[in-house]
Amino acid sequence: MKWNVSIRPLRGADVMPMYSYWNDWDVRRSLREGPRFRTIEDARVYVHFANGRGETGRDMAIDADGAFAGCVSWEYNSGVFSGNAELAYWVGPPFRGEHVASRAIVEATRFLFGRRGMRRLYAQVGGDNIASARALERAGFHCEAVLRRAVVFEGDVQDCLIFALLREEYALF
């Protein structure tokens with residue numbers, strides 16, 4: 001199925017599917033330091049927090065034909081790394097294999113290069129997360145580094161892949 005994908009602010013109606021999807025193992029493993037929803041109230045608090053983050057970054061809903069499909073977020077770097085932003089994202093089980101993540105990454109990229117003036121975007125992916133790496137590649141990102149044995153998830157030590165896209169590369173994509 002070809003979904004119409006957009007990104008938008010999180011809203012109260014997203015709490016239940018967010019909580020449900022977060023209990024999926026593939027979603028949890030993609031969140032480096034993301035929210036830990038143990039209760040529905042945790043998800044509500046997260047939505048409230050996400051909508052008030054201000055200038056340090058943003059957490060947005062991935063919308064697929066009006067349905068909550070997941071989240072995409074970014075953190076702006078500062079100091080000598082200003083002009084860089086780190087992307088993170090996850091997609092719920094019903095939306096996997098449909099290129100929803102890659103289209104959400106493209107939407108976030110368009111916003112960050114176009115409206116925020118970023119010069120470089122990057123994302124970190126666990127070495128065994130092939131689907132996430134492919135989503136970034138479909139969105140025009142390139143693997144620029146492998147941090148060997150840098151990630152520990154539930155006792156499993158693995159590599160971390162760093163993908164990046166420069167503004168001038170995006171103009172060619």
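Predicted model: local features only at pLDDT ≥ 70, side-chain atom pairs only at ≥ 80, totals over all residues.
Colleague: Start with the core. Which residues of the largest nonpolar core touch the most other members?

Modeller: In general, nonpolar side chains in soluble globular proteins tend to be buried together. Here the largest nonpolar core has 49 residues. Leu10, Trp74, Leu87 and Phe141 touch the most other members. Helix H4, residues 100-114, gives the largest share of this core, eight residues.

Colleague: Now the helices. At roughly what angle do the axes of H1 and H3 cross?

Modeller: Roughly 115 degrees, for H1 (residues 15-22) and H3 (residues 40-50). The two axes come within 9 Å. The crossing is right-handed. H1 brings Val15, Met16, Met18 and Tyr19 to the contact. H3 brings Ile40, Ala43, Arg44, Tyr46 and Val47. By class, that makes eight nonpolar residues, one charged and no polar.

Colleague: Which residues of H3 are buried, and why do they lie on the same side?

Modeller: The general idea comes from the helix repeat. An α-helix has 3.6 residues a turn, so residues three or four places apart point the same way. In H3, the buried residues are Ala43, Tyr46, Val47 and Ala50. They cover an arc of only 100 degrees around the axis, so they sit on the same side of H3. Their cover includes H1 and strand E2 (57-64).

Colleague: Last, Gly97. Is Gly97 buried or exposed?

Modeller: Read the relative accessible area: over 50% counts as exposed. Gly97 has 74%, so Gly97 is exposed. Gly97 lies in the loop between strand E4 (84-91) and H4. From Ala13, Gly97 is 84 residues away in sequence and 24 Å away in space, C-alpha to C-alpha.

Conventions. Residues numbered from 1 in each chain as written. Heavy atoms only, no water. Core = buried A, V, L, I, M, F, W, Y, C linked by side-chain atoms within 4.5 Å. Buried < 20%, exposed > 50% of the residue type's maximum accessible area, 1.4 Å probe, protein only. Helix = DSSP H or I, 4+ residues; strand = E, 2+ residues; numbered from the N terminus. Axes fitted to C-alpha atoms, helices over the stretch in contact; angles between N-to-C directions. Left-handed = near helix turned anticlockwise from the far one by under 90°. Contact = heavy atoms within 4.5 Å. Nonpolar A, V, L, I, M, F, W, Y, C, P; charged D, E, K, R; others polar. Arc of directions from axis to C-beta.
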